Number of protein chains: 4
Amino acid sequence: MKAQAVYPDTETTFYEEVKRAHLLPLWKLGTLLTTEPLSTVAPYIWRRSRYLPLLLQAGDLAPVERGGERRALQLSNPGLGGDWATTHTLVAAVQLLRPGETAPAHRHTPAAIRFIMEGQGAYTAVNGERCYMSPGDLVLTPSWEWHDHGNETATPIIWMDGLDVPLVRALQSMFFQPYGENVYPVSKPANDSLKLFGAGGVRPTFTKPKGMNSPLLIYPWDQTLAALEALGDREGSPFDGLILEYTNPVTGGHVMPTMACYIQLLRPGERTRAHRQTTSAVYYVLRGEGQTVINGLRLRWGSGDLIALPPWVWHDHANLSPGSDAVLFSIQDTPTFEALGLYREEAHESPQMIRGEYQDD
Amino acid sequence: MKAQAVYPDTETTFYEEVKRAHLLPLWKLGTLLTTEPLSTVAPYIWRRSRYLPLLLQAGDLAPVERGGERRALQLSNPGLGGDWATTHTLVAAVQLLRPGETAPAHRHTPAAIRFIMEGQGAYTAVNGERCYMSPGDLVLTPSWEWHDHGNETATPIIWMDGLDVPLVRALQSMFFQPYGENVYPVSKPANDSLKLFGAGGVRPTFTKPKGMNSPLLIYPWDQTLAALEALGDREGSPFDGLILEYTNPVTGGHVMPTMACYIQLLRPGERTRAHRQTTSAVYYVLRGEGQTVINGLRLRWGSGDLIALPPWVWHDHANLSPGSDAVLFSIQDTPTFEALGLYREEAHESPQMIRGEYQDD
Amino acid sequence: MKAQAVYPDTETTFYEEVKRAHLLPLWKLGTLLTTEPLSTVAPYIWRRSRYLPLLLQAGDLAPVERGGERRALQLSNPGLGGDWATTHTLVAAVQLLRPGETAPAHRHTPAAIRFIMEGQGAYTAVNGERCYMSPGDLVLTPSWEWHDHGNETATPIIWMDGLDVPLVRALQSMFFQPYGENVYPVSKPANDSLKLFGAGGVRPTFTKPKGMNSPLLIYPWDQTLAALEALGDREGSPFDGLILEYTNPVTGGHVMPTMACYIQLLRPGERTRAHRQTTSAVYYVLRGEGQTVINGLRLRWGSGDLIALPPWVWHDHANLSPGSDAVLFSIQDTPTFEALGLYREEAHESPQMIRGEYQDD
Amino acid sequence: MKAQAVYPDTETTFYEEVKRAHLLPLWKLGTLLTTEPLSTVAPYIWRRSRYLPLLLQAGDLAPVERGGERRALQLSNPGLGGDWATTHTLVAAVQLLRPGETAPAHRHTPAAIRFIMEGQGAYTAVNGERCYMSPGDLVLTPSWEWHDHGNETATPIIWMDGLDVPLVRALQSMFFQPYGENVYPVSKPANDSLKLFGAGGVRPTFTKPKGMNSPLLIYPWDQTLAALEALGDREGSPFDGLILEYTNPVTGGHVMPTMACYIQLLRPGERTRAHRQTTSAVYYVLRGEGQTVINGLRLRWGSGDLIALPPWVWHDHANLSPGSDAVLFSIQDTPTFEALGLYREEAHESPQMIRGEYQDD
């Protein structure tokens with residue numbers, strides 16, 4: 001600061017030299033500091049009628065084997081440049097495992113969930129525990145846990161995958177390891193964690209799980225549905241209707257440190273109030289016909305559809321059927337935003353106006 | 001410290017003056033610092049065959065009304081001088097409510113639990129929620145929550161009460177308030193907390209209970225039993241067999257900050273290893289025939305008996321039946337000792353020798 | 001419940017039988033459920049002018065040696081029956097160590113603090129670290145840590161002890177162990193924990209203390225005084241003036257799980273508002289002349305006095321000097337009551353009336 | 001799954017249709033799952049001799065005013081495509097404020113720290129508290145707190161900025177708000193938080209800060225240096241020498257939820273062991289001459305240099321001076337990785353080989 005070095009004598013030269021020195025002048029970067037988030041994530045629907053034939057066809061074209069690892073079609077958000085990302089933090093996929101197939105054992109830092117769409121009796125094995133899957137079940141394969149899948153039944157199984165891959169990639173923390181064998185050794189009874197940790201209100205004291213992930217690996221649909229139905233006719237959330245979060249029985253909190261899972265029921269004709277959050281989500285329509293209005297754009301959805309919800313967009317949901325419930329499963333990045341102090345939420349004061357209709361491309 | 005005051009000229013006078021000054025010479029108090037705890041709590045069994053007739057007779061003698069508040073017989077530990085204490089921190093009681101009776105609404109700082117022994121369909125109301133009780137159910141009335149009991153059925157109901165009264169008294173923190181009316185207004189559906197928080201694995205997001213107590217107020221026996229049975233043939237705790245703790249669904253931890261509740265199943269012929277803890281317990285034998293050996297003394301118990309376990313005594317449990325399970329419910333002061341850094345546990349290396357037989361008085 | 005046993009035929013006989021069965025009829029126990037705490041702890045002052053001559057005389061009469069362990073005069077609250085208790089949870093004492101003396105190494109479950117009154121350069125050693133003590137310093141010897149004291153200087157040292165002995169006794173959790181040698185081996189530099197953890201705002205990352213106790217063992221007076229003075233002329237607490245809590249640098253919380261330590265400064269002429277808490281305290285007047293009004297009774301105090309504050313009593317403090325600060329050190333059982341959900345506090349609306357003067361006995 | 005739609009009859013057509021449907025075949029994406037992180041962040045040094053003249057020149061070229069907001073040169077990592085990012089989660093900058101200048105008040109979700117390089121007596125104001133800055137001081141402006149800077153002295157001030165901007169951008173959570181006036185109103189005494197929360201070992205009880213950020217806003221260098229010197233000749237961290245983390249006095253934890261700050265001292269001739277972590281860092285050489293070896297590449301640094309450390313690279317530090325200490329300040333993204341369960345660390349077994357020399361471009 002005392003003796004100034006000789007420096008270029010024109011403004012142009014200055015900026016060139018700044019650039020060469022790998023510096024950026026903050027005073028020229030105004031648009032980076034946006035008043036509020038301008039998300040590049042697009043609202044988008046992957047229709048069952050479109051992805052399912054492709055997934056079934058993939059069953060013929062793509063073997064499940066080491067290297068490819070999984071027969072899964074990733075939902076690539078059109079706003080994110082063809083990347084492996086359904087939102088900026090989450091990726092969802094649809095996966096098919098045909099009778100007799102095994103998806104080889106591996107582990108990775110991205111955390112994953114499976115939500116079963118169709119098929120019955122195939123398993124996901126996590127650290128030696130086989131979780132046998134039925135439609136509506138949620139199965140967890142937390143970060144860095146060995147897992148493989150097998151279908152020893154006579155019918156194909158299809159599920160939704162949900163992972164935090166875009167987040168892990170943004171944090172440059174991808175670790176991946178294939179297991180030496182195709183199948184990780186079975187060391188526990190089937191659905192062992194369910195027997196230990198699946199009950200409401202009680203928990204064994206003779207095992208003390210540690211860490212940030214739920215030790216409960218499978219959340220059976222019949223149990224979840226019963227819990228939804230037990231909520232009865234109460235009001236629920238003004239923004240989400242009757243909504244339940246899947247929880248870690250040891251902490252009562254989120255199932256994983258980066259990703260939370262929810263199930264919500266919209267009653268016939270119910271339309272929720274709009275709100276917006278800094279978080280993003282991927283919804284799977286388990287049943288029903290309805291709509292989600294996102295920043296004034298109406299997306300109509302039906303059973304089996306998958307929907308990307310960008311961060312910080314006004315959104316409300318409605319069940320358009322006069323006679324049946326609609327049920328949505330979702331993954332959301334809420335734990336990440338809470339942990340980093342970036343969670344923010346606003347309620348829309350009046351009902352959200354519908355200003356346009358989403359068009360499938 | 002510089003100029004010493006005139007002081008008495010003999011040692012006797014010194015100690016008299018010390019006493020007058022409300023001082024105690026530490027160097028004369030050696031026995032206070034015991035090598036390990038010498039509990040004044042006695043191991044003791046209250047037999048069903050003895051307490052039940054008295055409780056039923058109390059039904060004729062003692063009305064349930066404001067002032068007396070409850071028709072309950074407190075288990076008074078013989079080692080604690082006739083005090084309202086089953087151990088030094090816990091008190092248990094047996095309570096009877098006859099058809100048509102109402103136990104008036106009040107609240108108090110001691111936390112309470114009810115474990116239903118006999119009868120079906122009477123209720124405990126907590127803050128406006130009626131919990132309808134069946135045998136084996138656990139009902140919570142946490143510290144300072146309004147509660148009343150009512151029996152609108154045609155048969156009497158009997159339950160075990162468990163409270164932290166001795167602890168609250170030792171801490172001189174007793175607050176008590178009768179409600180202005182006999183019955184606190186009903187403001188919620190029956191078993192409302194069970195519908196919201198009773199399910200395994202999921203929890204509503206639209207209500208966010210705070211504080212240190214479980215928002216789940218009733219733990220139905222069928223659900224608890226199913227969880228016990230789901231544990232199957234695994235080893236369980238070496239000290240307690242197949243044991244479950246009742247948990248707060250919001251935190252995954254103890255149901256209350258001062259008192260924890262457990263259910264444990266001993267398989268036919270099973271005898272556990274002995275250990276000792278700084279905590280104390282009151283057991284209720286839900287079913288079965290067995291024994292608990294306490295510091296070498298064998299206490300044989302049967303269905304319906306209640307047992308006081310002192311702190312820091314070696315103890316193991318056994319199911320003496322060759323063909324049926326034994327099931328024990330217990331309240332324990334574990335949370336208190338953990339929170340204050342005073343929890344300590346030791347495992348007995350060899351099987352505990354039986355050196356005497358407990359005699360009923 | 002089905003077949004009733006034959007039972008006595010008169011009410012008198014019933015109550016006799018209930019008593020013989022070690023049962024207590026709740027409906028006869030009304031006074032146990034008090035509207036609010038009726039503490040047996042008495043407000044009391046131990047005057048420096050009275051205890052100091054006795055302590056100095058004890059220097060001649062009582063050697064410091066194994067068995068007696070310490071030359072300390074315990075403050076025995078007149079309301080607590082001559083027990084080793086200054087309040088129902090806390091005990092304070094004054095202790096003297098003369099030149100050349102050593103108080104032998106031991107450990108015990110009660111947690112202890114020392115607050116130095118007079119003398120300079122003697123040490124308290126905790127787990128191999130010698131903490132060299134000066135007036136106004138706070139030294140911790142947490143639960144179950146080896147500790148001994150030594151005075152290698154030419155002048156006596158006197159300090160206040162503060163322990164949670166009554167609490168530990170009520171919980172029947174007393175463990176005590178003398179060390180095999182008189183002095184526990186020195187394994188660390190003097191005041192090592194102060195060098196590691198004593199600074200404001202920063203903390204080493206290469207050592208990760210665990211557990212519920214502060215790893216910082218000595219809080220030097222000059223640092224504490226500087227912090228008090230830095231508070232300047234701000235309002236502070238309406239109930240306690242400028243008050244600081246000694247904290248665990250690893251958690252930011254209380255120094256120990258059962259007992260908290262505070263220093264507070266009352267400015268010339270300042271009188272605080274009254275409040276009451278479920279907690280109790282022992283105060284030491286480090287400097288100044290003032291009063292504490294307890295449930296309308298005025299206790300006037302001066303430098304060196306020690307005062308017992310019962311739980312749930314209205315109390316306010318005043319500095320009666322027009323020209324100098326008053327400084328009070330105190331131990332309080334706040335962490336215990338917070339952890340157990342029993343902390344409660346009320347502010348007195350109007351200034352507390354003085355209805356009587358405390359008389360020394 | 002029952003009735004399959006008509007689908008294309010060749011593999012090529014299949015992949016085209018998959019792409020059109022915004023799906024990605026996982027089995028074609030092998031390289032995304034890397035065995036371990038392949039960071040795009042480059043190790044890089046911004047030399048004081050290069051950035052300082054440019055910053056001083058910027059003083060002539062770029063006014064500090066609304067819109068540009070700050071006269072800061074951002075360190076743009078060559079591996080990150082000219083982005084506003086020094087690592088993938090952190091951005092550092094050097095900032096100049098000349099006599100009489102004011103940097104206008106605003107707030108934003110990115111959290112920021114300032115580490116003072118040169119100049120004395122200018123202030124950073126946070127929520128109405130002016131923190132007066134000297135070389136070596138650390139100043140925090142946590143997420144979404146109003147802040148402005150002013151230099152009312154006769155000499156320029158230069159500091160390092162550190163922010164979590166790349167993380168907040170990756171999470172699409174950028175909120176920014178200029179304050180209506182140039183200067184946010186002063187509502188507190190200067191360095192108020194330092195007086196309340198800056199002391200070691202004690203903390204006021206009459207103010208209870210909430211939230212995830214440290215309420216202490218300025219960490220003065222003299223206090224930090226004294227803490228470093230108090231560590232004396234102990235070993236410290238094998239990887240970082242004598243290292244201190246700046247802490248939140250209320251929690252004992254990191255100063256912010258996304259970013260941690262450290263100061264470390266390397267003794268003359270000291271070379272640390274290598275380790276690698278999933279976290280990244282930006283170092284500022286406060287004093288000394290030394291080197292950091294990153295994956296075998298030696299980067300020699302001197303006083304005033306700034307260094308980007310990528311994630312998951314082996315690195316060790318050395319002080320190359322035989323006679324003086326080297327001191328490094330750093331910001332690291334540790335809290336983010338810990339909170340999300342992605343923190344991982346490995347120690348290098350043998351000393352790291354030097355296989356190349358870093359060349360300035």
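Trainee: What ipTM does the predictor give the complex?
Mentor: Since this is a predicted model, the confidence values are a careful place to begin. Chain A has a mean pLDDT of 95, and 97% of its residues reach 70 or more. For the complex, the predictor gives a pTM of 0.96 and an ipTM of 0.96.

Trainee: Which radius of gyration does chain A have, and what would a compact globule have?
Mentor: The C-alpha trace of chain A spans about 80 × 55 × 50 Å along its principal axes, and its secondary structure comes to 6 helices and 25 strands. A compact globule with 361 residues would have a radius of gyration near 21 Å, and the value for chain A agrees with this, being 23 Å.

Trainee: How much of chain A is made up of buried residues?
Mentor: A residue counts as buried if 20 or more other C-beta atoms lie within 10 Å of its own. Among the contacts in chain A between residues at least 6 apart in sequence, 76% join residues at least 24 apart. Of the 361 residues in chain A, the buried share is 55%.

Trainee: Which element gives the largest share of the side of chain C that touches chain D?
Mentor: In this pair of chains, 31 residues of chain C are in contact with 31 residues of chain D. The elements of chain C that give two or more residues to this side are β13 (202-204), α5 (221-230) and β15 (242-246). By class, the side has 16 nonpolar, 12 polar and 3 charged residues. The largest share, 5 residues, comes from α5(C).

Trainee: Which residue of β13(D) is the bridge partner of C:Tyr246?
Mentor: Strand β15(C) and strand β13 (residues 202-204) of chain D pair in the antiparallel sense, over 3 bridges. Within β13(D), the bridge partner of C:Tyr246 is D:Val202.

Trainee: Is D:Gln172 buried or exposed?
Mentor: D:Gln172 is found in the loop between α3 (165-170) and β12 (176-178) of chain D, and its phi is near 50 degrees, a positive value in a residue other than glycine. Because 21 other C-beta atoms lie within 10 Å, D:Gln172 is buried.

Trainee: What does D:Asn295 count as, given its C-beta neighbours?
Mentor: D:Asn295 lies in the loop between β19 (290-294) and β20 (297-301) of chain D, and its phi, near 45 degrees, is a positive value in a residue other than glycine. Because there are 16 C-beta neighbours inside 10 Å, D:Asn295 counts as partly exposed.

Terms used
Residues numbered from 1 in each chain as written. Chains lettered and ligands numbered in written order. Predicted model: local features only at pLDDT ≥ 70, side-chain atom pairs only at ≥ 80, totals over all residues. Contact = placed C-beta atoms within 7 Å. Helix = DSSP H or I, 4+ residues; strand = E, 2+ residues; numbered from the N terminus. Nonpolar A, V, L, I, M, F, W, Y, C, P; charged D, E, K, R; others polar. Pairing = 2+ DSSP bridges. Buried ≥ 20, exposed ≤ 12 C-beta atoms within 10 Å, placed from the backbone. pLDDT = per-residue confidence, 0-100. Rg over C-alpha atoms; globule rule 2.2 N^0.38 Å.
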